[in-house]
Amino acid sequence: MKPVQELLNKRDPTLYQVGPEVMVFDALRLLSDFGVGAMVVMDQGQLVGIFSERDYTRKVALQGRNSRDTPVGDIMTRDVISVAPATGTRTCMALMSQKKIRHLPVVDGDRVLGMISIRDIMDDIIADHE
């Protein structure tokens, strides 16, 4: 069981993030531009939520809201589940399955180091088996 810090070390260190005041439409464009399914929401350097494609579909599209007039802070997931850099990948996979989530911020104290997805974990498992 390797620590998630090893997964972060193997990839681009860019932390994709957005502020809570950004309109959902603009955040969706960023998700598309970056090729990711979720971003952390940061306010004055603090993690305040996660914005994901799932947030958009369930809290904007299905509720008939306008993505150009809705700030990310109104629909983001506020109760962020995160892990420490030393957390094992197996533990992360179990947590994601149990909580039905696809992304986990990796946090060291108050600092967000990155975010891992279930795809990152699956890719690592496949690579270990090859």
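User: Hi! Which helix does Asn9 lie in?
Analyst: Asn9 is part of helix 1, which covers residues 4-9. Keep in mind that this is a predicted model.

User: Is Asn9 buried or exposed there?
Analyst: Exposed: its relative accessibility is 56%, and the cut-off for that class is over 50%.

User: Thanks. What does the Asn9 side chain make a polar contact with?
Analyst: With the side chain of Gln5, at 2.8 Å.

User: And how far is Asn9 from Asp128?
Analyst: Their C-alpha atoms are 16 Å apart, while 119 residues separate Asn9 and Asp128 along the chain.

User: Switching to pockets, what volume does the largest pocket have?
Analyst: About 460 Å³. Its lining has 22 residues, and those nearest the centre are Arg11, Val36, Met115, Ser117 and Asp120.

User: Which elements give two or more residues to that lining?
Analyst: Strand 2 (38-43), strand 5 (111-117) and helix 6 (118-129) do. By class, the largest pocket's lining holds ten nonpolar, six polar and six charged residues.

User: Nice. What about the second largest pocket, which residues lie nearest its centre?
Analyst: Ser52, Arg54, Thr77, Ile101 and Arg102, out of 16 lining residues. The volume of the second largest pocket is about 390 Å³.

User: Which element gives the most to the lining of the second largest pocket?
Analyst: Helix 3, with five residues. Strand 3 (46-52) and helix 3 (53-61) each contribute at least two.

User: How do the residues of that lining divide by class?
Analyst: Eight are charged, four are polar and four are nonpolar in the second largest pocket.

Methods
Residues numbered from 1 in each chain as written. Predicted model: local features only at pLDDT ≥ 70, side-chain atom pairs only at ≥ 80, totals over all residues. Heavy atoms only, no water. Helix = DSSP H or I, 4+ residues; strand = E, 2+ residues; numbered from the N terminus. Buried < 20%, exposed > 50% of the residue type's maximum accessible area, 1.4 Å probe, protein only. Polar contact = N/O pair within 3.5 Å; in protein donor to acceptor, adjacent residues only side chain to side chain. 1 Å grid on protein atoms, 1.4 Å probe; cavity = no way out; pocket = protein on both sides within 12 Å on 5 of 7 lines; lining within 4 Å. Points joined across faces, edges and corners; volume = space filled by probe spheres on them. Nonpolar A, V, L, I, M, F, W, Y, C, P; charged D, E, K, R; others polar.
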